[in-house]
2 protein chains.
Amino acid sequence: MGVNHAECRTWERLGSEVLYRGAHVTLHRDRVVQPDGAEGTYERLTIADGARVVAVDDVGWVALVEDAFAPVGRRLLHVPGGGVAAGEDPEAAAARECEEETGWRPGALRPLGVFHPLPSRTSAVTHLYLGTALRPGTVRRDPTEAGMRVCWMPLDEAVRVAGTGAVTEAGTVVALLMAARLLSAGAG
Amino acid sequence: MGVNHAECRTWERLGSEVLYRGAHVTLHRDRVVQPDGAEGTYERLTIADGARVVAVDDVGWVALVEDAFAPVGRRLLHVPGGGVAAGEDPEAAAARECEEETGWRPGALRPLGVFHPLPSRTSAVTHLYLGTALRPGTVRRDPTEAGMRVCWMPLDEAVRVAGTGAVTEAGTVVALLMAARLLSAGAG
């Protein structure tokens, strides 16, 4: 019995042109062979990878940060994090963002997982961590982060809120649910 | 005591130009007032909203679909779903995608939540549903979905797999974790 090659089909990239190279987004149009064998084109984005951290203090409270997201037009609650700089280690980015946004630097980071926010348009991934052993550090915010607010709440409360729709940022929802599962598994 | 306006700061859009209008992606450069009051520019994308459904059969097994994602360059496992067409109701899109991809149409859909896959770049949201009362329907796949494979597994197994990093598509991870929480709360 042979291999069923239909079950391994993927896209083949024959070539690529840059439609627009922006400061934060590059838009490509690839010439591709589709899974059915036909040739076509595909619009793809290059954006920075992300890193987010569920920072838990000694009594099990987590840091949530609220600031405004320009495309959405309002403020969103999220766990600390942001873009991974070119050449930067994702774990270092997570620790840096946590300190810059909350003023607390995790002494220990444990990987929670990696996910694709929008795999139909970009190969970018977001790296998620559980941060513990928090030590006081230095808040350093971009001008675009003026008005950022930090609040702390018990992890189980944050997870409950994430489930109500009050928290909608993808990395935050995934990270909180994964942190809760990891910590409840460890406690059980 | 007055309101602390710093705690309400957001971005203001003064104007917008289209840098590129593609078939599936439109790239905008907005002229904005940043949260700190300075003027600047912001690169923003318009893409279709999404809809995904955790389709659970009578014995608690869920449908997972595997197919190739062009930007990622490999096949990913995900719950059925896709783009919401212009003017389409997200719930109708979820039911339609479920039937097209798996051949089973949910007779009942229950909202699990809405999330922002990439709120730093787009206001697009993904609507998540729990689908039950599955009835046989008709598989209808795009040419780009050739080689799509459906597999069924117990919900708790799918949730476990999602937590290991084997499932990385954002909507799938969020939807599986939320479905598991909803169903375990209902059972408790």
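Predicted model: local features only at pLDDT ≥ 70, side-chain atom pairs only at ≥ 80, totals over all residues.

Trainee: OK, what mean pLDDT does chain A get?

Mentor: Start with the complex as a whole, where the predictor gives an ipTM of 0.93 and a pTM of 0.93. In chain A, 95% of the residues reach a pLDDT of 70 or more. The mean pLDDT of chain A is 92.

Trainee: And how many helices and strands does chain A have?

Mentor: Follow the sequence and you read β-β-β-β-β-β-β-α-β-β-β-α-α. The C-alpha trace of chain A spans about 55 × 45 × 30 Å along its principal axes. As for the tally, chain A has 3 helices and 10 strands.

Trainee: What percentage of the residues of chain A count as buried?

Mentor: Look at the contacts in chain A between residues at least 6 apart in sequence: 59% of them join residues at least 24 apart. For burial, the chain has 188 residues, and the share that counts as buried is 45%.

Trainee: Now to chain B. Which residues of helix α2(B) are buried?

Mentor: The helix covers residues 155–164. Its other side has E157(B) and T164(B), which are exposed, and after the helix comes G165(B), with a positive phi near 100 degrees. The buried ones in α2(B) are A158(B), V159(B) and A162(B).

Trainee: Is H24(A) buried, partly exposed or exposed?

Mentor: First find H24(A) in the loop between β1 (12–21) and β2 (26–33) of chain A. Leaving out residues up to four places away in sequence, H24(A) touches I47(A) and E43(B). Because H24(A) has 13 other C-beta atoms within 10 Å, it counts as partly exposed.

Trainee: How far apart in space are H24(A) and G137(A), C-alpha to C-alpha?

Mentor: In sequence, the two are 113 residues apart. In space, C-alpha to C-alpha, the distance is 28 Å.

Trainee: Which element supplies the largest share of the side of chain A that touches chain B?

Mentor: Between the chains, 58 residues of chain A are in contact with 58 residues of chain B. Elements that each supply at least two residues of chain A's side include β1, β2, β3 (39–46) and α3 (170–187). That side divides into 31 nonpolar, 15 polar and 12 charged residues. The largest share, 6 residues, comes from α3(A).

Trainee: Last one: which are the edge strands of the open sheet in chain B?

Mentor: The sheet has 3 strands in the order β1-β2-β3, with antiparallel pairing. Neighbouring strands are turned by 25 degrees against each other on average, ignoring direction. 8 bridges join β1(B) to β2(B), and E12(B) stands opposite V33(B) in β2(B). Pairing on one side only, the edge strands of chain B are β1 (12–21) and β3 (39–46).

Conventions
Residues numbered from 1 in each chain as written. Chains lettered and ligands numbered in written order. pLDDT = per-residue confidence, 0-100. Helix = DSSP H or I, 4+ residues; strand = E, 2+ residues; numbered from the N terminus. Buried ≥ 20, exposed ≤ 12 C-beta atoms within 10 Å, placed from the backbone. Contact = placed C-beta atoms within 7 Å. Nonpolar A, V, L, I, M, F, W, Y, C, P; charged D, E, K, R; others polar. Pairing = 2+ DSSP bridges. Axes fitted to C-alpha atoms, helices over the stretch in contact; angles between N-to-C directions.
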